[in-house]
Amino acid sequence: MSRHLVTLTVNGAPVTREVEAHRTLLEVLRDGLDLIGAKEGCGAGECGACTVLLDGMPVRACLVLAVEADGCAVATIEGLAAARGPDPIQQAFIDAGATQCGYCIPGFVLAARALLDRRPDPTDDDIVRACGGHLCRCTGYHTLFEAVRLAARRRAAG
Amino acid sequence: MEQRCIGTSVPRVDALEKVTGEARYVADLSFPGMLHAKLLRSPHAHARIVRIEKAAAAAMPGVHAVATGKDLPWWVGECIRDQRPMAVETARFAGEPVAAVVASSEDAALAALEAIRVDYEPLPAVLDARAALAPGAPLVHPDLGTYHVLPGFRPSPGTNVFHHYFVKAGDVTKGLARAAVVVEQEYEFPHLMHTALENHGCLARYTAGGRLEVHAGAQSPFTVRNVVAEAFGLPRHRVSVRGGYLGGGFGGKSDATVEPLTCALARLCPGRWVRLILDREESFVGSVLGRGFRGRYRYGLTRRGRLVAADIDLLMAGGAYSWTAVNILPCAGHNGIGPYFVPDLEIHARGLYTNTPPVGAYRGYGHPDSQFMAERHMDLCARAVGMDPVAFRLKNLLGKSGKKNPLGQRVDSSAGDLEGCIKLVAQDIGMATSPEGIRAREAEPSAVSRPAVAVGRGLACLMKSPGQATNAFTTVVLKFNEDGTVHVISAVSEMGQGVHTAIAQIAADLIEIPVEKVYVPQGTDTDYSPYDWQTVASRATWMQGRAIAAAWEKARKELRATAAKAFGVPVAKVDYRRGTLFVRGDESRALPLEKVCHGYVFPDGHAVGGPVLVAGHYVPHATYADEQTGRGELATSWTFGCQGAEVEVDLRTGEVTVLRFSSAIDVGRAVNPELAKAQVIGAVVFGLGGALTETVTWGPRGEIRNASMTDYKVPTPEDVRGIDFRVHLLETPVPGDPVGSRCLAEHGAVAVAPAIANAVADATGVDFFDVPLAAERVFLALQARAAQAPSPKPPRKAKGAR
Amino acid sequence: MLRPFDYHRPRTLDEACALGATLADAAYLAGGTDLLVKIRDGKQRARNVIDLKRVAGLGRVRRDGDHLVIGALCTITDLLHAEEVHAEPGLAVLRDAGVVFGCEEIRHRATVCGNVAHASPGAEYGSPMFVLEADCVLHGPAGERTIPVADFYRGPGRSALGPGEILKALRVPIAPRSARSAYLRRSRVRGMDLAGLNLALLVLDATEPARRRVRLAMGAVAGTPIRAPEVEALLSGAPITRDRLEQAKGALSAGISPRPTSLRASPEYKKAMVAHLLEAGLERLLEPFPEEVMAEASP
């Protein structure tokens, strides 16, 4: 198995690692960098728990090789909260009561972040299209939708 | 107790950790020098393991141990000890582990796994309960007679029956013979898979000093300790099990699944942490399944619609090992008629070993399984006597009558306002029978049938009591800190339900301090946490509330005693209110809690009293089932409710769209209304999966063909976005309970399937006696019906009112 | 987990093709959303993974006269952002397929060419490419060749790609603005799912019954996507009456023999649903449809 030196920017900080070719981005984030917010729910791109932002686009980290991410910027859930407190989207998820077991939450929050960055005033259709590939077994989704709507309203209010 | 915090929707205490990604789950733990385990699984449903060649694997780089079942000479199982950590001579289900590699990396473990050669001799398999019951069926456990079995469980050696629960009241044969109308039907609730987003996992280390340390993704750390200690013959205090956040449980993590095996492998690698995390496919086939019931219901009724007799026969395809399945049978059994009164009844619930993955607790624990059948049967009976299904249910309700349930317990309106629940749901979905209800619904826009789309409505009731051991204690510790804040230490597991928030609210109100002063530490450690039986059965909030009340009584005594010394008065003259201790009749002589709860220091410096640290426990009064009748104090708390659906069926594709889903549940007291409502909606959607799209597809060799999220379809955001959810939380408090709350976590899932099936029958005239009502099945049923009746059915009534 | 492999990152097409032709168990990687799942599940043995994403000249999507050229690196998201799939009614079928493809995260990585190259009979872009009669531009060690998509698919998971050959681009004819097109499918849930079966429709001269040509292609009902020439003929060149439509639906159902082993839809359901999708698709595409269908043509 070949080994490769990859350089990524992870949550704004440059990271250089030697990785095996078959290591996924998810594995390198979790095992190499202890960024355990992204989860493996299925390993096959079906559930969304592994979602991270790759150059601003939400992707399934379990289906991206670490070597493919060489030279890219990766944003994980850990990169959202700042010293002064949670990101407004994170706060909206708290206030809308959208967390239960929490396993789908990092992926959902990042998908919402990517959506609101592109489309600050999303329709319900936009929300479902952006988050439609995220499974949640606990909430039944309605509080999750409400969290994204709340985040959008608050962002618009400034 | 004045309830100031209880009943308010304080924000969850764990939300921040979860939205920032700080929350750790078992797969997020890592220790220096940690080893990784991977499992080789049988492809056969039933096979003799002739030979396993592992020498090549053992020699590969990074490999610390290669184990087969023979290397792990321990027995696992509560109730019926019928399982080994891995198959020994016989693999009993496709997916059962037969060999394990422990290595320095997952890659090394997987590579070594590929080098293991297993020779199997396939054996005839039984893949469903009826086949397992048939005379001459291959035996899954030929040695059933040699297993250790706890009293109260009745396996039949020489057969595949691992338990037979029954309950009898009156004389069902006479009752049916006398009945003017008899309605009989067979039903099935096939297996489901939990599909919690977090896979199963465990880390274990067997120390040089002979202690076993475990991090388990488990709902019940004390049960894991129990099972593991018993298996290895270790005293309890040499096993410490820690539990943290769970990424969903739903019952699938409530007993022990991967923990015994992980601990067994740790024993082979002393001193090192061994990590076993299942991947998604393994979580499907290698943990536990849910449901798996067949039932035959035969009811006798009068022509005027009164139920007089019920003869119910239930069979469960319990899987290859029974100890996680066996207790589901009494629950499916004694609650199997639903919340109705029937004087003459006999209910049998038999568990069959089958060569399929073991069944375990699955949200609702037998209640959705048999009440799907009971509630379909109520609609069939109503139809048979020409009665409206709502009126028929109201006529036969158990609650208000003060009559006895199948267990012989008297149930009256103090157990819950089921009639109120039914009326609210009926009104929501347009099935109200009262003039006001009809008027209220007509004021709203109503879905109408149109060409190729049929609209229908249906409802179903639910009743659930917690299925738990008679000695299922819960304990809690109150630990007062120097500043008057309080730790409430509990071993309940947080898996999404928000239980720590509810506990904090209860403690705050009992102690009469602001909830901000209460801290419920997250995470359990059997070395430090007070004993709790299991976080299951929706029991945590209710039972913890009683335990906290018991603990607070002790704490109050101690506080008053210390304050009495401080004031120099008899204890009887000291009162406590809202964080203050004072002398009755002279309230200027008062001390705040923080001056007393860590002892009191006199002006000259000497201290009296001490840090207040108290424990309280609770268990409801319960008994075993009577050997002859099956009756007894098995049900210790009641939650009643009703659920209903308004659906649209696209007749061209069979697709069922839920327009509105209403749930009305008597929760006793909603400790945190928003959390309660969120639980109910989550449970409804969970139930909709089982009702509409989830099903296990079995292959010809007894393997699960759809053990992936690609092909096991749980509800997605798109599926639920248009549903108008209604949730009503009624409150008939539990008599004599300081909080008054009833069990709730599972209940939103209990009546979903029959409500949907009843609504689809109303829309289309097609009766389903099983689930799921997937588009293809509905369509093909419609097509088959059309083939039998060439003249088209008249269109369903367009208007909402009946 | 993925089993180990070597990773290669060629800079030129010729280099990529040479690697593919000479390395053992070589696989090309574009989006990875199919390939990596297959490697994980042990369904494809890949000892050498050749990443196409740094290869010069592979391109995304551009218009070339009356063709849309979809390059090997065009993701589903790229295609959905292409003006043509929204402006040209004859390309709406590509937009429809993109909107139901996987989910947002998958769409950002998966490529159209990759979807076609894996040659799954039910692939979202299989039946659309068949109905549009797209051409596949293959580039290999021996040079470049162009073959019709109907020749590209050889069987379930088997394509015409030889060793070291890459599906470099799909050339999709853009029909005149008098055309209409659509993609429909049945799936088990409304959200992310593979298709149980799908139907792609292209109607040329949609509003002129006498000149109208209907093309249709179905996915996941046979070993490859398939057309249905007799049914197309029935629906072309004349008003589509109710009788004619029922005849077409019946012929379409009768003309397929799906295998019984699908996890996603049974043969009976597929047979019924191709007929339903045909009617639903025509309903959507032909606005005068109801009146036209009501007009009786048979005695």
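Analyst: Gladly; in this structure the count comes to eight cavities of 30 Å³ or more, and please keep in mind that the model is a predicted one.

User: How much space lies in the largest cavity?

Analyst: The largest cavity holds about 290 Å³ of space, and its lining is made up of 23 residues, of which B:Q83, B:P85, B:T257, B:V258 and B:G286 lie nearest the centre. The elements that give two or more residues to that lining are β1 and α7 (259-268) of chain B.

User: What is the lining of the largest cavity like by class?

Analyst: The lining has 15 nonpolar, five polar and three charged residues.

User: And where does the largest cavity lie relative to the domains of chain B?

Analyst: It lies between domain 1 (26-123 + 200-277) and domain 2 (290-468 + 625-788) of chain B, because both of these domains give residues to its lining.

User: OK, switching to charges. How many salt bridges are there over all chains?

Analyst: A search of the whole structure finds 101 salt bridges over all chains. One of them pairs the side chains of A:E20 and A:R3, with an N to O distance of 3.6 Å. That pair links distant parts of the chain, since A:E20 is in strand β2 (residues 13-20) of chain A and A:R3 is in strand β1 (residues 3-10) of chain A, 17 residues apart.

User: Is A:E20 buried or exposed?

Analyst: A:E20 counts as buried because its relative accessibility is 17%, under the 20% cut-off, whereas A:R3 is partly exposed, with a relative accessible area of 47%.

User: Which residues are linked with A:R3 and A:E20 in a network?

Analyst: A network of salt bridges links A:R3, A:E18, A:E20, A:R23, A:E27 and B:D107.

User: Which residue forms a salt bridge with B:D28?

Analyst: B:D28 forms a salt bridge with A:R30, and the closest N and O atoms are 2.8 Å apart. The pair joins two chains, because B:D28 lies in the loop between α1 (15-19) and β1 (35-41) of chain B while A:R30 lies in helix α1 (residues 25-33) of chain A. Both B:D28 and A:R30 are buried.

User: What about C:E88, which residue does it form a salt bridge with?

Analyst: C:E88 forms a salt bridge with C:R63, the closest N and O atoms being 3.0 Å apart. C:E88 counts as buried at 5% relative accessibility, while C:R63, at 39%, counts as partly exposed.

Conventions:
Residues are numbered from 1 along each chain as its sequence is written. Chains are lettered from A and ligands numbered from 1 in the order in which they are written. This is a predicted model: local features need pLDDT of at least 70, side-chain atom pairs count only at pLDDT 80 or more; totals for chains, interfaces and linings use all residues. Side-chain values use heavy atoms; hydrogens and water are left out. A salt bridge is a side-chain nitrogen of Lys or Arg within 4 Å of a carboxyl oxygen of Asp or Glu. Helices (H or I, at least four residues) and strands (E, at least two) are DSSP runs, numbered from the N terminus. Buried means under 20% relative accessible area, exposed over 50%, partly exposed in between (1.4 Å probe, protein chains only). On a 1 Å grid over the protein atoms alone, a cavity is a set of points where a 1.4 Å probe fits but cannot get out, and a pocket is an open set with protein on both sides within 12 Å along at least five of seven lines; lining residues have an atom within 4 Å of a point. Grid points are joined across faces, edges and corners, and a volume is the space filled by probe spheres set on the points. Ala, Val, Leu, Ile, Met, Phe, Trp, Tyr, Cys and Pro count as nonpolar, Asp, Glu, Lys and Arg as charged, and the others, Gly among them, as polar. Domain bounds come from an automatic or database domain assignment.
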